[in-house]
Amino acid sequence: SENNLVNLIGGPTEVHYINARQNKLTSLSGAPAIIHRSGTFVFNGLTNLHNIHKEILEAESLVFEENPITGKVLGLLKIKNLKKVVFDNKHVELIISKYLPMGDLLECQQELIDAGLEEFAKL
């Protein structure tokens with residue numbers, strides 16, 4: 001945390017925990033593919049989680065508070081073993097969390113759209 005990181009390229013591919021708090025990340029490019037426990041990415045510049053499931057393949061918990069995320073979070077449902085996500089937008093957090101155990105991408109997408117959260121309903 002607090003290392004002025006602009007990306008995670010070159011870091012480890014498998015970790016138990018990652019705390020990338022308070023950096024300058026605008027994407028999760030180079031994030032560990034496997035996070036056995038928790039990934040904390042608070043206080044960064046993440047505006048979306050486009051293709052997060054292609055960077056992080058497995059994780060138990062991911063925290064994105066204090067990021068200006070305005071869309072593209074549906075890929076979280078494709079991350080293996082993900083049980084918990086935390087966002088500033090509690091409405092989005094609630095909907096995504098509801099579908100994590102089932103991984104039902106299409107139903108989650110429809111609920112986000114019905115809630116007026118179309119930008120969040122993208123991969």
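What percentage of the 123 residues of the protein chain count as buried? The figure is 41%. Keep in mind as you look around that this is a predicted model.

Let's start with the overall layout. The protein chain has 4 strands and 3 helices.

How does the chain meet itself? Take the contacts in the protein chain with a separation of 6 or more: 29% of them come from residues 24 or more positions apart.

The protein chain has an accessible surface of about 6,400 Å², and carbon and sulfur atoms account for 50% of that. As for charges, there are 12 positive and 15 negative ones in the protein chain, and their mean positions lie 4 Å apart.

Finally, let's zoom in on one residue, Leu94. You'll find Leu94 in helix α2, which covers residues 90-99. Is Leu94 buried or exposed? Its relative accessible area is 59%, and exposed means over 50%, so Leu94 counts as exposed. To place Leu94 against another part of the chain, look for Glu58: the two are 36 residues apart in sequence, and in space they are 20 Å apart, C-alpha to C-alpha.

Terms used. Residues numbered from 1 in each chain as written. Predicted model: local features only at pLDDT ≥ 70, side-chain atom pairs only at ≥ 80, totals over all residues. Heavy atoms only, no water. Helix = DSSP H or I, 4+ residues; strand = E, 2+ residues; numbered from the N terminus. Buried < 20%, exposed > 50% of the residue type's maximum accessible area, 1.4 Å probe, protein only. Contact = heavy atoms within 4.5 Å. Areas by Shrake-Rupley, 256 points an atom, 1.4 Å probe, with all protein chains shown as cover. Lys, Arg positive; Asp, Glu negative; His and termini not counted. Charge placed at Lys NZ, Arg CZ, Asp CG, Glu CD.
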